[in-house]
Amino acid sequence: MKFLLITPPLTQLNTPYPATAMLKAFLQSKGYEASQADLGIELIDRIYSHDWLAHYAEAFSDKEEQEYITRCSEVMEPVLRFLRGEESTLAPRIANRSLLPEGPRFNQLGDLEWAFGTAGTEDRARHLATLFIEDLADFIRDHTDPHFDLIRYAEQIANFAPTFDEMEAALQAPTTCIDDEMLSLLQQHIEQEQPDAVGFAIPFPGCLYGALRCGSWLKQHRPEVRIIFGGGFPNTEWRNLSDERIFDYCDYITLDDGELPLLRLAEFLEGSLTADRLVRTFYRGHLTLNNPDENIPYAELPAPDFDGLPLEKYISLAEMTNPMHRLWSQGRWNKMMMAHGCYWHRCAFCDTSLDYIARYEAPDAATVVDRMERIMAQTGISGFHFVDEALPPKLLREVCEEILRRHLVVSFWGNIRFEKAYTAEMCDLMSDAGCVAVSGGLEVASDRLLRLMDKGVTIGQTMAVCRHFRDSGIMVHTYLMYGFPTETLEETFDALENVRKMFDEGIVQSAFWHRYAMTCHSRSGICPQDFSARRTSEPHPFCNNEIDWRVATDEWHVATDNNADARRVATDNKADTVGDGQFDYDIEEVGRGLRMATFNYMNDLGLDQPIKLWFPGLKSKNKGKQKK
């Protein structure tokens with residue numbers, strides 16, 4: 001049996017998403033033929049080309065629009081060569097703004113001299129080239145395909161979709177020229193590989209539409225080919241799936257780690273296995289999660305195999321000037337996991353009931369570094385992005401020691417928890433081994449709320465760890481959230497003040513705030529009453545992840561005893577707060593203020609300003625109801 005594994009449009013443009021590489025290596029180790037394709041980067045390579053754009057320009061009668069696309073077509077291929085690292089000599093011409101047609105995004109440019117200095121010609125050019133690429137994407141979305149985006153392709157109709165109706169309506173509409181190019185690429189792969197089964201990795205909502213369009217084409221033109229969906233999006237959204245219309249576009253859906261489900265499915269399709277032996281596999285008429293706990297130990301899996309992916313086509317963009325943010329979008333990093341799952345898996349906001357977090361398994365350090373060496377030999381790339389939920393400090397130390405013992409020259413970064421294990425000595429070891437950056441969740445920057453959500457760290461400990469990273473030359477990005485149940489407005493201000501101090505001291509280089517979302521797979525979603533909240537939504541027939549909720553009390557106060565969790569004690573569980581159902585203040589205005597403040601802090605601005613400057617006119621709508 002032969003598999004074709006596909007990442008549908010669109011994920012990152014600078015480096016391959018690793019799911020198909022991991023599955024390909026496993027299937028081949030079991031004797032199956034397997035190939036892979038990234039339709040996202042292939043689609044970008046197709047439409048961001050001279051020939052395609054020159055033809056596209058002919059569709060416009062408006063002279064100004066036609067001239068813009070024609071001008072884009074004339075410079076596109078040199079610009080892509082620059083973004084692929086093939087033509088650095090183009091940087092001065094891009095940087096002096098004499099080459100690129102400038103669309104609306106260029107009107108928002110700030111002071112480039114301040115952002116990049118006088119010597120940062122290549123960085124400045126990459127930023128300008130990124131704006132050019134994004135402007136063209138905006139034009140295509142506004143004039144041709146309302147779903148098109150460089151990363152979040154049709155995400156707006158996949159995100160928080162309680163029913164399949166809107167997505168199905170989009171799929172029943174005529175294809176756009178972008179759809180047609182994607183399907184043309186799919187057809188080429190099908191004709192070349194002649195697979196028996198096509199597996200689509202769907203990690204994000206922005207990949208769902210492309211997978212469904214491709215599935216529809218296969219159902220119509222190659223009905224003998226079995227279609228399999230899997231990945232992060234199905235894992236979180238479709239565990240309670242009841243609408244079977246999805247099977248008009250696929251035959252099977254696998255959940256959690258895909259290795260064993262694909263192996264059993266192959267044996268089933270070959271006739272050597274009965275359906276009851278399938279693992280975590282849905283199909284029409286069968287939406288029961290079968291054999292959920294069967295897995296192949298992580299240490300026994302082979303290294304990811306990137307063979308067959310067009311590594312030379314990936315492009316490095318620079319949407320923002322912040323150096324930490326640029327790690328996500330620049331460079332062809334080898335993505336791999338050091339360990340499976342999260343060694344902590346206790347945070348109340350996290351999907352800790354799901355296998356990819358709950359099942360922690362770590363191989364030994366030699367196995368990890370063996371995998372790194374194999375990937376480097378295959379890709380020619382020595383940079384690694386470890387995509388673990390949180391790198392385990394003990395294993396990380398041993399891996400760093402093994403890298404140094406083998407005298408390898410590598411660069412790496414990944415997610416961590418701000419553990420006390422990250423001493424000055426540990427951070428120096430990581431830096432010596434090649435660590436250039438870490439990202440970690442500080443979350444609420446409030447010790448009370450950190451205890452409530454069982455984060456296992458404190459503000460003081462986090463600051464101490466970040467100082468160690470700074471002193472070792474390792475950049476730090478921190479994730480933050482606002483709007484956790486029972487969080488007061490004053491606590492949010494206090495959290496921002498802690499963030500301001502961290503930027504002012506230079507112990508973090510970037511940060512990002514997101515609004516807390518209660519999910520059905522997290523402890524706060526499974527037991528909302530433990531957090532003075534209650535669910536207000538029922539399961540949906542299609543996507544089920546984020547939960548609608550309301551605070552379950554009219555008034556609460558902080559527990560004054562020494563309970564470890566310091567939970568708020570409800571005084572009246574019959575009423576709900578005002579506002580948007582969760583808070584008695586304008587949570588959207590709070591989010592805008594947090595993002596504006598942090599953007600300025602990242603650029604070394606506003607650090608001496610009072611916190612409440614970022615929230616002009618914001619007041620509690622229910623003053624006196626929340627006590628601190």
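The accessible surface of this protein comes to about 25100 Å², and 48% of that belongs to carbon and sulfur atoms. Areas here are from the Shrake-Rupley method with a 1.4 Å probe, and for residues only the protein chains shown count as cover.

A word on the source. This is a predicted model, so local features need pLDDT of at least 70 and side-chain atom pairs count only at pLDDT 80 or more, while totals for chains, interfaces and linings use all residues. Residues are numbered from 1 along each chain as its sequence is written, and side-chain values use heavy atoms, with hydrogens and water left out.

Now the overall shape. The protein has 23 helices and 16 strands; helices (H or I, at least four residues) and strands (E, at least two) are DSSP runs, numbered from the N terminus. Its radius of gyration is 25 Å, close to the 25 Å that the globule rule gives for 628 residues, so the protein is as compact as a globular protein of that length. That radius is taken over C-alpha atoms, and the rule is 2.2 Å times the number of residues to the power 0.38. Along the principal axes, the C-alpha trace spans about 70 × 65 × 60 Å.

Of the 628 residues, 58% are buried. Buried means under 20% relative accessible area, exposed means over 50%, and partly exposed is in between, with a 1.4 Å probe and protein chains only. As for contacts (heavy atoms within 4.5 Å), among those with a separation of 6 or more, 75% join residues 24 or more positions apart.

Next, the interior. A nonpolar core is a set of buried Ala, Val, Leu, Ile, Met, Phe, Trp, Tyr and Cys residues joined through side-chain atoms within 4.5 Å. The largest one has 181 residues, and Tyr-48, Phe-148, Phe-229 and Ile-246 have the most contacts inside it. Which helix gives the most to this core? Helix α7, residues 121-143, does, with 10 residues. Setting aside neighbours within four places in sequence, Tyr-48 touches Met-76, Leu-80, Ile-133, Leu-136, Ala-137, Phe-148 and Leu-150. There is also a second, separate core of 22 residues, including Phe-26, Ala-197, Ile-228 and Tyr-252.

Helix α13 is worth a look on the model. Eight of the 11 residues in this helix (residues 259-269) are buried, so α13 is largely enclosed by the rest of the structure. The buried ones are Glu-259, Leu-260, Pro-261, Leu-262, Leu-263, Arg-264, Leu-265 and Ala-266. They pack against β1 (2-7), α1 (19-29), β4 (226-230), β5 (252-254) and β6 (281-282). Just after the helix, Gly-271 takes a positive phi of about 90°.

On to charged pairs. A salt bridge here is a side-chain nitrogen of Lys or Arg within 4 Å of a carboxyl oxygen of Asp or Glu, and the count comes to 44. In one of them, the side chains of Arg-346 and Asp-454 meet at 3.2 Å, N to O. This pair links distant parts of the chain, 108 residues apart: Arg-346 is in the loop between β7 (334-336) and α15 (355-358), and Asp-454 is in the loop between α19 (447-452) and α20 (459-471). Arg-346 is partly exposed at 41% relative accessible area, and Asp-454 is partly exposed at 23%.

Another bridge joins Glu-361 and Arg-359 at 3.1 Å, N to O. Glu-361 counts as partly exposed at 24%, whereas Arg-359 is buried at 14%.

Arg-500 and Asp-504 pair with their closest N and O atoms 4.0 Å apart. Both lie in helix α21 (residues 489-505), four residues apart, or about one turn of the helix. Arg-500 is buried, with a relative accessible area of 14%. There is also a salt-bridge network, made up of Arg-105, Glu-134, Asp-138, Arg-141 and Asp-149.

Last, the cysteines. How many disulfides does the structure hold? It holds zero, taking a disulfide as a pair of cysteine sulfur atoms within 2.5 Å. Cys-350 is in no disulfide, and its nearest cysteine sulfur, that of Cys-347, is 6.2 Å away. Cys-400 is buried, with a relative accessible area of 0%.
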